[in-house]
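Please read the following briefing alongside the sequence and the coordinates.

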Amino acid sequence: MKSENNSSEACDWRIKPIPYRDPYVMMDTNWGAIFGALLFIGGIFAGFQMKAFFAISIVGLLIGLISILFRGRIIRRNWKKVTANVIDQEYKRVLGTPGLRGGARKNWAFRLLCEFDLGGKRYTVTPGCWSTFVSESSVNAFLENIVSPAEKCQIWVNPKNPLQAELIANDIKDFLLH
């Protein structure tokens, strides 16, 4: 494992992400989530006129969340669980998303470069992972659990587009979406 503890925010990752989709193709729209968001916002504004309309915002929130969950499950329903060889791994301290008070705090993130066989072809991917960490020791502990001593890990792979892969972290995301 190579750590880069460079203080420069402009410092780039050594492992470059391998794109899995054409950046010029429009993404699919989750209309249920949009409808839920509109109901949520409309319910808040209507609730200022009559308190009973605040229930509309709760219904909208539920519709949006359920739509996001089902959409994620539908997209991933045919994905294959694959054992991949970890070719390289890197972690570093990165600037996180801005908080409520405007400032952004630093988090630890990682990238894996993995290789696997699917349908007689060999693919190299940088699997997605939704986790960030508050310390170097926590990212190391996570990677020790995910990457075996034989430098292997489990990933979900989209068989229609094998470059689209997600790391299996055995967390709530895996439970809800696969």
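Confidence in this predicted model is lowest, within the protein chain, in strand 1 (residues 2-4), where the mean pLDDT is 51, and highest in strand 4 (residues 121-125), where it reaches 96. Over residues 6-10 the pLDDT is below 50, and in the model this stretch has 4 contacts beyond near neighbours in sequence. For the protein chain the average pLDDT is 85, with 88% of the residues scoring at least 70.

**The largest pocket**

- The largest pocket has a volume of about 730 Å³, and its lining is made up of 25 residues, among which Tyr20, Asp28, Ile75, Trp79 and Gln164 lie nearest its centre.
- Sorted by class, the lining of the largest pocket comprises 11 nonpolar, 6 polar and 8 charged residues.

**The second largest pocket**

- The second largest pocket has a volume of about 160 Å³, and the residues that line it include Trp13 and Pro17, the run Ala109, Phe110, Arg111 and Leu112, and also Thr126, Pro127, Gly128, Cys129, Ser131 and Thr132.
- By class, the lining of the second largest pocket divides into 7 nonpolar residues, 4 polar residues and 1 charged residue.

- In helix 3 (residues 136-146), the residues Val139, Phe142, Leu143 and Ile146 are buried; because they cover an arc of only 95° around the axis, they are placed on the same side of helix 3.
- An α-helix has 3.6 residues a turn, so residues three or four places apart point the same way.
- The exposed residues Ser137, Glu144 and Asn145 are carried by the face of helix 3 that is turned away from its buried side.

**Ile58 in helix 2**

- Ile58 has its place in helix 2, and Ile58 counts as exposed because its relative accessibility is 53%, the cut-off for exposed being over 50%.
- Ile58 and Leu39 are 19 residues apart along the chain, and their C-alpha atoms are separated by 8.4 Å.

Key
Residues numbered from 1 in each chain as written. Predicted model: local features only at pLDDT ≥ 70, side-chain atom pairs only at ≥ 80, totals over all residues. Heavy atoms only, no water. Buried < 20%, exposed > 50% of the residue type's maximum accessible area, 1.4 Å probe, protein only. Helix = DSSP H or I, 4+ residues; strand = E, 2+ residues; numbered from the N terminus. Arc of directions from axis to C-beta. 1 Å grid on protein atoms, 1.4 Å probe; cavity = no way out; pocket = protein on both sides within 12 Å on 5 of 7 lines; lining within 4 Å. Points joined across faces, edges and corners; volume = space filled by probe spheres on them. Nonpolar A, V, L, I, M, F, W, Y, C, P; charged D, E, K, R; others polar. pLDDT = per-residue confidence, 0-100. Contact = heavy atoms within 4.5 Å.
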